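Hello,

Here is the structure I promised to pass on to you, and below it you will find some notes on what turned up when I went through it. Please keep the sequence and the 3D view open while you read.

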Amino acid sequence: MAFTLAHEAHGRGEPLVLVHGLATTRVIWRRVLPLLERSRRVVAIDVPGFGESPAAGEGFDLEVVADDIANGLEEIGVKAPFELAGHSLGGALAIVLADRHPGAVRSLVLVAPAGLRRVPNAAAQLIGGAAERALPLRRRGAALADTPWGRRLLMSPGTKDPASIPPAEVRAMLKASQGATRTGAALTAVAQVDLRPRLASLKVPVGVLWGEHDRIIPPSGIETILHARGADTPVRTIDGAGHIPMMERPEQFSLALEEILTALSRHRNIAATRSP
């Protein structure tokens with residue numbers, strides 16, 4: 001059976017591909033899609049093993065999954081080079097994709113990316129197993145989304161102000177996690193890698209976006225990226241947001257992402273004029 005990359009596309013113009021993080025699907029972007037599609041074609045995908053995209057073999061191999069995403073985008077008509085934004089696990093996958101398919105990526109935006117600091121294998125296995133067991137418990141509490149205290153219970157510690165997220169959005173995220181069949185394997189895999197050498201060697205311009213109050217992947221990771229990429233790397237932070245700023249502060253997130261993409265475009269133009 002042919003592999004099909006589940007996706008949705010909005011708007012017209014140059015493509016921007018959005019890659020979601022752990023234990024969710026493309027639904028994580030739904031509050032920012034109407035804002036981003038005003039100036040470009042936005043393609044939100046389901047990572048293989050999550051949502052409606054079939055898993056890429058057994059377990060979760062970052063390189064295999066990144067290759068499947070690259071090939072799947074080509075199959076659904078996303079022409080290279082495209083702009084690429086990856087969140088959390090999706091950030092790790094975006095680094096691997098840009099490294100293995102440099103001609104496919106015009107510019108890369110990392111949103112609180114995972115994979116920049118390796119943990120011991122035993123700890124990675126424990127973390128992955130715990131995440132797998134926690135998901136069904138969270139879904140059983142979906143009815144609590146209708147109350148502010150319930151949203152705080154369900155969405156902490158991933159958000160700064162869980163009560164500010166509309167109940168329908170919380171329920172949508174919890175429902176989306178039902179299709180996350182590779183959560184434990186993906187978390188284990190990304191915890192076992194250190195992508196800093198790959199990040200440093202990327203041939204594409206890179207920008208960074210982070211929630212200021214992220215307790216899942218702290219914004220101290222910005223310094224890690226600046227060390228790998230240089231002090232002129234475009235950086236934006238979102239005040240009042242934790243690990244999922246696209247859900248907590250969609251307007252601020254969209255504006256910051258557009259600013260980074262504009263800055264990266266200028267970087268490309270400057271580099272092009274300096275080329276012999």
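I will begin with alanine 55, which counts as partly exposed because its relative accessibility is 30%, and partly exposed here means lying between the limits of under 20% for buried and over 50% for exposed. Please bear in mind throughout that this is a predicted model.

Alanine 55 is found in the loop that runs between strand S3 (41-45) and helix H2 (62-75). Leaving aside residues up to four places away in sequence, alanine 55 touches Pro48, Gly49 and Arg182.

For the chain as a whole, among contacts between residues at least 6 apart in sequence, 77% join residues at least 24 apart. The chain has 276 residues, of which 53% count as buried, and its secondary structure consists of 11 helices and 7 strands. The chain exposes about 12,100 Å², and carbon and sulfur atoms supply 53% of that area.

The next residue to look at is histidine 243, which sits in the loop between strand S7 (235-238) and helix H10 (245-248). Is histidine 243 buried or exposed? Histidine 243 counts as buried, because its relative accessibility is 8%, and the cut-off for buried is under 20%. If residues up to four places away in sequence are again left out, histidine 243 touches His87, Ser88, Ala112, Gly158, Asp214, Ile216, Ile217 and Glu248. With one of these, serine 88, histidine 243 also makes a polar contact of 3.0 Å, side chain to side chain.

Finally, please turn to a pair of helices. Two packed helices are described by the angle between their axes and the distance between the axes. For helix H5 (residues 148-155) and helix H6 (residues 167-176), the axes come within 11 Å and cross at roughly 30 degrees. H5 and H6 are therefore roughly parallel to each other, as angles under 35 degrees count as roughly parallel. The crossing in which H5 passes H6 is left-handed. If you want to find the place where these helices meet, look for Arg151, Leu154 and Met155 in H5, which meet Pro167, Val170, Met173 and Leu174 in H6.

Note on methods: Residues are numbered from 1 along each chain as its sequence is written. This is a predicted model: local features need pLDDT of at least 70, side-chain atom pairs count only at pLDDT 80 or more; totals for chains, interfaces and linings use all residues. Side-chain values use heavy atoms; hydrogens and water are left out. Helices (H or I, at least four residues) and strands (E, at least two) are DSSP runs, numbered from the N terminus. Buried means under 20% relative accessible area, exposed over 50%, partly exposed in between (1.4 Å probe, protein chains only). Contact means heavy atoms within 4.5 Å. Accessible areas come from the Shrake-Rupley method with a 1.4 Å probe; for residues, only the protein chains shown count as cover. A polar contact is a pair of N or O atoms within 3.5 Å; within protein, one must be able to donate a hydrogen and the other to accept it, and residues adjacent in sequence count only if both atoms are side-chain atoms. Axes are lines fitted to C-alpha atoms, for helices over the stretch in contact, and angles run from 0 to 180 degrees between N-to-C directions. Angles under 35 degrees count as roughly parallel, over 145 as roughly antiparallel, 65 to 115 as roughly perpendicular and the rest as oblique. A crossing is left-handed if the near helix is turned anticlockwise from the far one by less than a right angle, and right-handed if clockwise.
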